[in-house]
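Hi,

Here is the structure I promised to pass on. Have a look at it first, and then read on for what turned up.

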Amino acid sequence: MVKSKIPQWNRLQNLHPSSRKFLLQWVSLFCFCCLIIISCTPHQTSHQSASTSANNGRITMGTTLKARTLDPADAYELMSGNILYNLGDRLYDYELGTNQLVPKLATALPTVSSDGLTYTIPLREGVTFHDGTAFNAAAMEFSIKRFIQNAGSPSSLLSDAVNTVQATGDYELTIKLKQPFSAFPSLLAFSGITAVSPQFYEIGEGKFKPNEFVGTGPYKLKSSEIDVIRLDAFENYWGEKPANTGIDIQRFSSASNLFNAFRSGAVDIAYLSLNADQISSLKQGAEKGNWQMIAANGNNISYLMMNVKSEPLNRKEVRQAIAALINRSVLNERVLQNQGELLYSLIPTTFTDYQPSFNLQYGDGNIEKAKQLLTEAGYTPENPAIVELWYASNSSNKGFLGLTLKALADRDLGGLLNLQLNSVESTTAFKYLEEGIYPTFVLDWYADFLDADNYIQPFLDCSKGSAETGCEKGASQYQGSFYYSDRMNQLIAQERQEQNPQTRKAIFDEIQKLLAEDVPYVPLWQDKTFIFAKNGLENISLQLTQQVPFWTIKNSNS
């Protein structure tokens, strides 16, 4: 618009003086009349417009995360899961702020057959989809079959576990598994396993609707654009009605843009992802009362993968020495600005199954133990263990982590360990992890469901391999560690079948002890999640899954 105005004024300068004078007089008279009209307009009009904008009950959330798709059969990203969590309902959910499973579209926890294979689930009556279609067992059967058969990114979560799914009554669903899996009810709380309208969707491989959604949740989709997704409260929702009229999710291209938008008041809430400096700055603002900060322990973990087939990491003593070297307190302070939680197992601290096995085995920053292990393995300052440390080039935290670990090794280990830093873009790394290219890699894990199994089986299980060859096919090969242990495979099979919580916990204790002994991975830290919100917003909370229940949020200024 600015460019189009400049030539107009240039042409004005070229007019005859008398014409220019007449035109300027005319413009002045026009502006004077506009001023009179504005001045005579009651102030109530402008106040009413501002009030409508401020009190329409809608809330704007800013984020840097992208929702690639809103089709639950293909959504496997954090922000997509967050939005689907609010648009849809699952059979089970977690009680707010806990990992305690509660019925949602189900009315009770499943009845499980004695062989652990058949789950019978009673369903809720009186529920309708956003398009008016009635929810029943046939609709839930359709939704689960579509999740599996459309073969989207998360489909293996169910296809690997489920043999058949069938409506065995108007409001009764029966699911038969391929093998016992005691964490199966928790899996059914995964955000993508949500009820969808059979009248709107169809079953067929690749038949997705990435920009649409019709489910039963507290919100219905108003619009889905590149940078803004708008949700409206669903007036016919069967459960607790939203405390707001809608949520607008605004995506920003960078953390800096999100940071500035929140500070300027352009968004009501800032949620994922801000860097450590920005979080520290906003925390200071919250302490001064400028806005609110909501913090909670999450279940996302960061860890170091070690390829047990790679020289010199094929020697257990070297892996153990690296585990002993790592000082989590220093990492938390220097890398995360004390915004993480120290983690000594792959299982997060929020689970009762958590055991600090790496702390018990090595302590934290145990330099003498690291030196002893490297010396026993035959390494000297003249012949050090040379280990490549890889991390994602697009993560500043991972870069700081690499520099910190190298500095600790160079300073404290007397030349026994030579860490060589390397980086690569994360999407490239994920393509080649399973090929064994990387001796180590610093990675993150976002769990699919809240059960300790989801932090163990995807890392340590191996369906084909040997102690000599390592894992040739299975979870640990996919993760890049190639770890194989007959005993670990047996323990994982046992915990997946065991229904008794105490017996299952004892199995996880042994698993974590063996993990610390063999060291195919070293846990580093557990994320804390931060939400920053304007003053006046109430009832903002975080699930342990990092999902935000939008429906509880209320603007007290509305």
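A word on terms before the holes: on a 1 Å grid over the protein atoms alone, a cavity is a set of points where a 1.4 Å probe fits but cannot get out, while a pocket is an open set with protein on both sides within 12 Å along at least five of seven lines; lining residues have an atom within 4 Å of a point. Grid points are joined across faces, edges and corners, and a volume is the space filled by probe spheres set on the points.

Some housekeeping. This is a predicted model, in which local features need pLDDT of at least 70 and side-chain atom pairs count only at pLDDT 80 or more, while totals for chains, interfaces and linings use all residues. Residues are numbered from 1 along each chain as its sequence is written, and side-chain values use heavy atoms, with hydrogens and water left out.

On confidence: pLDDT (the predictor's confidence in each residue, from 0 to 100) averages 90 over the protein chain, and 90% of the residues score at least 70. Residues 1-54 are the stretch to treat with care, as pLDDT stays under 50 there. For these residues the model has nine contacts (heavy atoms within 4.5 Å) beyond four places in sequence. Where pLDDT is low, the predicted coordinates should not be read in detail.

Back to the cavities. The largest has a volume of about 50 Å³, and its lining consists of Leu304, Ile322, Leu325, Val387, Leu389, Leu405, Leu419 and Thr440. That lining divides into seven nonpolar residues, one polar and no charged (Ala, Val, Leu, Ile, Met, Phe, Trp, Tyr, Cys and Pro count as nonpolar, Asp, Glu, Lys and Arg as charged, and the others, Gly among them, as polar). Helix α10 (316-325) and strand β14 (385-392) each supply at least two residues of this lining; helices (H or I, at least four residues) and strands (E, at least two) are DSSP runs, numbered from the N terminus.

The second largest cavity holds about 40 Å³ of space. Its lining includes Arg146, Phe147 and Thr194, and by class has four nonpolar, three polar and one charged residues.

What lines the second largest pocket? There are 24 residues, of which Asn99, Ser186, Asp451, Pro501 and Arg504 lie nearest its centre. This pocket has about 660 Å³ of space, and α19 (501-518) gives the most to its lining, with four residues. The lining divides into eleven nonpolar, eight polar and five charged residues.

Now the strands, which pair if DSSP finds at least two bridges between them. An open sheet of four strands runs in the order β4-β5-β7-β6, with antiparallel pairing. Its edge strands, β4 (111-112) and β6 (162-169), each pair on one side only. Five bridges link β5 (residues 118-122) to β7 (residues 172-177), with Thr118 partnered by Lys176.

Elsewhere, β1 (residues 58-63) and β10 (residues 246-251) run parallel, joined by six bridges, and Met61 stands opposite Ile249. Strand β9 (residues 228-233) pairs with β10 in the antiparallel sense over five bridges; there, Val228 stands opposite Gln250.

Best wishes
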